[in-house]
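Subject: The structure we talked about

Hi,

Here is the structure I promised to pass on. Have a look at it first, and then read on for my notes on what turned up in it.

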Amino acid sequence: MITRLAGRQRRPDAALAAALGRALPQGLGGPVETRVITHSPAAARYTFGGPLPWRTGQWADALEEPFDDHPGARSPEGDGKAILHLTVQLQPEDRALEDEEWKHTAQRFAHALGLHDEPSSAAFVWIALQAQPARLDLIASLIRSDGTWYTPPADLAYRVQDEARLIEADLDLAAAPPSPREAVRNLLAQVTAPTGPLAEAQALLARASALAAEDGSPIIDSARIARRLHGHAKHAETFRDRIVRLAQDLGTGSARPETATSIPLPPSRDGRGRTP
């Protein structure tokens with residue numbers, strides 16, 4: 001399961017076009033080959049009890065409405081780019097998922113993004129749709145219905161990666177290659193494990209120090225060994241901290257932020273009077 005977070009956008013057109021794999025149709029017309037698997041409670045008011053396979057232009061309107069209602073909403077960076085887009089792609093060797101499995105997967109990723117668990121989660125507009133084989137696109141507005149802005153946590157990509165690994169295990173899917181962060185984290189676990197090489201070396205040195213003290217050998221200075229052992233422990237802690245910092249500096253791996261897919265978009269949609 002490969003996950004990708006696109007860079008935030010002002011309008012949902014680019015995300016919807018990427019989900020479709022082609023440019024959006026003009027205006028609100030024409031049915032499209034897509035299914036909305038699930039959506040937030042806040043998006044339910046746009047369905048009017050109708051079927052979920054809406055025309056793409058209608059879903060674009062729904063996703064853009066929070067910004068239209070609150071044009072002054074701004075991110076901490078001072079921009080109005082409120083559209084968040086997560087893509088989830090199964091690997092070729094994975095089995096086909098049932099609709100309920102896709103729905104559950106989408107809800108779990110929405111939870112990982114922070115859109116499905118906080119007290120104000122009902123105020124978010126987000127949809128999860130399928131328009132391409134073995135692929136899920138979750139598109140959300142970060143503006144709540146009251147006009148406040150939701151700022152995702154700094155480790156958002158890491159949370160998405162961790163959730164993907166859990167879903168892979170739960171659904172018996174092929175595990176994606178480890179990201180640089182995951183590889184470093186695995187190395188850190190091996191180095192600092194209670195039965196790992198570092199612990200074994202420390203145990204041997206401690207035993208040597210104890211035996212030297214019991215033997216009273218003038219050749220082995222037990223106090224010096226104890227001081228060196230303490231130095232080794234401090235060195236191990238420093239090494240551990242360096243690995244942790246390296247993991248933080250390596251970036252976000254397979255869920256790294258990316259620029260939006262460059263699919264041609266129409267300049268406007270008929271009947272809406274909006275320009276990009």
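A nonpolar core, as I use the term here, is a set of buried Ala, Val, Leu, Ile, Met, Phe, Trp, Tyr and Cys residues joined through side-chain atoms within 4.5 Å. Please keep in mind that this is a predicted model.

**The cores**

With that term in hand, the largest nonpolar core has 34 residues, and the members that touch the most others are Phe109, Leu113, Leu115 and Leu138. Strands β3, β4 and β5 and helices α3 and α4 each give two or more residues to this core. Helix α4 provides the largest share, with 5 residues. As general background, nonpolar side chains in soluble globular proteins tend to be buried together.

Leaving aside residues up to four places away in sequence, Leu113 touches Leu5, Leu84, Leu86, Leu138, Tyr150, Leu156 and Val160. Another core, of 16 residues, lies apart from the largest one, and its members include Ala15, Ala17, Ile83 and Val125.

Next, please look at β5, which spans residues 135-141 and has 7 of its 7 residues buried. Both of its faces are covered: Arg135, Asp137, Ile139 and Ser141 are buried on one side, and Leu136, Leu138 and Ala140 on the other.

Which strands pair with β5? Strand β3 (residues 83-89) pairs with β5 in the antiparallel sense over 7 bridges, and strand β4 (residues 126-130) also pairs with β5 in the antiparallel sense, over 4 bridges.

Asp137 sits in strand β5. Is this residue buried or exposed? Asp137 has a relative accessible area of 0%, and therefore counts as buried. What does its side chain contact? The side chain of Asp137 makes a polar contact with that of Thr87 at 3.2 Å, and another with that of Arg135 at 2.8 Å. Setting aside residues up to four places away in sequence, Asp137 touches Ala19, His85, Leu86, Thr87, Ile127, Ala128 and Leu129.

**The aromatic pair**

The count of aromatic pairs comes to 1. The partners are Phe124 and Tyr150, arranged edge-to-face with 5.2 Å centre to centre and 70° between the planes. Phe124 lies in the loop between α3 (99-112) and β4, and Tyr150 in the loop between β5 and α4 (156-170), so the pair ties together parts that are 26 residues apart in sequence. Phe124 is buried at 0% relative accessible area, and Tyr150 counts as buried at 7%.

**Salt bridges**

How many salt bridges does the structure hold? There are 11 of them. As a reminder, side chains of opposite charge can pair when their charged atoms come close.

Glu163 forms a salt bridge with Arg108, with the closest N and O atoms 2.7 Å apart. This pair links distant parts of the chain, since Glu163 is in helix α4 and Arg108 in helix α3, 55 residues apart. Glu163 and Arg108 are both buried.

Arg108 also forms a salt bridge with Asp170, where the closest N and O atoms are 2.8 Å apart. Arg108 lies in helix α3 and Asp170 in helix α4, so this pair ties together parts that are 62 residues apart in sequence. The two partners can be told apart by their accessibility: Arg108 is buried, with a relative accessible area of 17%, whereas Asp170 is exposed, with 52%.

The side chains of Arg159 and Asp155 meet in a salt bridge too, at 3.0 Å from N to O. Here Arg159 is partly exposed, at 41% relative accessible area, and Asp155 is partly exposed as well, at 32%. Elsewhere, salt bridges that share partners join Arg10, Arg11, Asp13 and Glu64 into one network.

Happy to go through any of this with you on screen.

Best wishes

Technical notes
Residues numbered from 1 in each chain as written. Predicted model: local features only at pLDDT ≥ 70, side-chain atom pairs only at ≥ 80, totals over all residues. Heavy atoms only, no water. Buried < 20%, exposed > 50% of the residue type's maximum accessible area, 1.4 Å probe, protein only. Pairing = 2+ DSSP bridges. Phe/Tyr/Trp six-rings, centres within 6.5 Å; stacked < 30°, edge-to-face > 60°. Salt bridge = Lys/Arg side-chain N within 4 Å of Asp/Glu carboxyl O. Polar contact = N/O pair within 3.5 Å; in protein donor to acceptor, adjacent residues only side chain to side chain. Contact = heavy atoms within 4.5 Å.
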